[in-house]
Amino acid sequence: MKAWLLPGFSGTSSMELSTSVEAPIPADGEVVIQLQYAALNPADYYLADKQYPAKPRFPHILGRDGSGTISALGPGATRFAVGDRVTILRGDAGVNTPGTLAGLVAVPEDRLAPAPSDWSMAEAAAAPLTYLTAWQALTCWGPVPAESFVLITGASGGVGVAAIQLARALDLRPIALSRGDSKVPALLELGAEKVFDPSDPKLAEKVLAATGPRAVSLAIDNVGGELFNTLLGVLSDRGAVSCVGRLAGPVPEFNTARIFFKRLRIGGVSVGAYSPGEAQECWGRIVKLLGGKRPVIDRVFPFGEVPQAFTRLRQGPLGKVVIAID
Ligand SMILES: NC(=O)c1ccc[n+]([C@@H]2O[C@H](COP(=O)([O-])OP(=O)(O)OC[C@H]3O[C@@H](n4cnc5c(N)ncnc54)[C@H](OP(=O)(O)O)[C@@H]3O)[C@@H](O)[C@H]2O)c1
């Protein structure tokens, strides 16, 4: 089969396209999927740069998200039939086992869900990892009262777009942060109530002018870095931060005094910590809640252009960067 091979922890630019990779054989409880689409995530390039806690065997195949049709069933695999259209919920594929930047992938059947019938297969590949992450970020503190303000950093990315859509579906009021102004109309269209530039020196005042005295109940932080201290400043009493990502690096000069006066809560989000059963349950609720809303695709790249697709991901897409495999 064809696959993009990563020779070691040597960065995504060291990947090579091969057309003679051995096809996977499904183990007990696994199925093989003939992939139609894969979707990229920053964790793919973190892994390639040895900045992610994974121990794959090399050469490794990156890619955690993917959709396609089942082409073979392993012993004991009973939930699906050959020919079923499926999407992969976050599991080990692309982390410690070969992933979806390939013609075929073997996945435990409890990590699969039927591709939503009214979505395209590209949309089905684009959604699971980021929507499950956004779901955990929105729900990990218990129910957030309706009409509360949720501040989302890196709002135009995969997790950010999912967080805007899911926050709206949960009757929350999302405020989005996005660098520059090029993505503002699209983010408002997606459901953001306001969009601000995180580099605006008056960011805190503008956010608080938008929320009024209620301030922000929950911040979903995909970015980290200097912005983190600003987030703490606009939270309400007992407000919470769901820490998802760190695209802007470590937080400089963090002072715990920023936490205790308002009794703030800061917690980590880890989509990989969902058990297969939890991921299935949350995914079912997400698809139902989204109703007619669909995942947003920034661009679909052909299989031969995976390096260009990673360049696009690093630039800051609007929604998901997807790879057409078939
Ligand atoms: N904890 C978990 O379980 C989990 C799961 C999924 C993802 N993540 C992490 O969450 C983060 C976001 O993931 P994603 O899939 O949404 O990423 P993404 O699709 O690449 O989007 C991130 C967005 O953040 C903004 N951004 C990018 N680089 C930035 C920088 N250096 N400084 C400030 N803003 C920047 C960009 O938006 P603008 O250009 O509009 O500002 C970009 O569209 C990543 O760090 C990822 O590894 C964690």
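**View A. Buried residues of helix 7 in the predicted model.** Helix 7 (residues 227-234) buries Phe228, Leu231, Leu232 and Val234. A residue counts as buried if 20 or more other C-beta atoms, placed from the backbone, lie within 10 Å of its own; helices (H or I, at least four residues) and strands (E, at least two) are DSSP runs numbered from the N terminus. These buried residues pack against strand 8 (149-152), helix 6 (203-211), strand 11 (216-221), strand 12 (235-243) and helix 8 (257-260). Residues are numbered from 1 along each chain as its sequence is written. The model is predicted: local features need pLDDT of at least 70, side-chain atom pairs count only at pLDDT 80 or more, and totals for chains, interfaces and linings use all residues.

**View B. The largest nonpolar core.** This core has 98 residues, and Tyr37, Leu151, Ala163, Ile164 and Ile323 have the most contacts inside it. Domain 1 (3-127 + 295-324) and domain 2 (130-271) both contribute residues, so the core lies between them; the bounds come from an automatic or database domain assignment. A nonpolar core joins buried Ala, Val, Leu, Ile, Met, Phe, Trp, Tyr and Cys residues through C-beta atoms within 7 Å. Beyond its neighbours within four places in sequence, Tyr37 is in contact (C-beta atoms within 7 Å) with residues including Gly66, Met121, Val322 and Ile325.

**View C. The shell around the ligand.** The ligand is surrounded by 28 residues (C-beta atom within 6 Å), the closest being Gly154, Gly157, Ser178, Gly245 and Gly316. Helix 1 (42-48), helix 3 (128-139) and helix 4 (158-169) each supply at least two shell residues. Both domain 1 and domain 2 give residues to the shell, so it lies between them.

Conventions. Buried ≥ 20, exposed ≤ 12 C-beta atoms within 10 Å, placed from the backbone. Contact = placed C-beta atoms within 7 Å.
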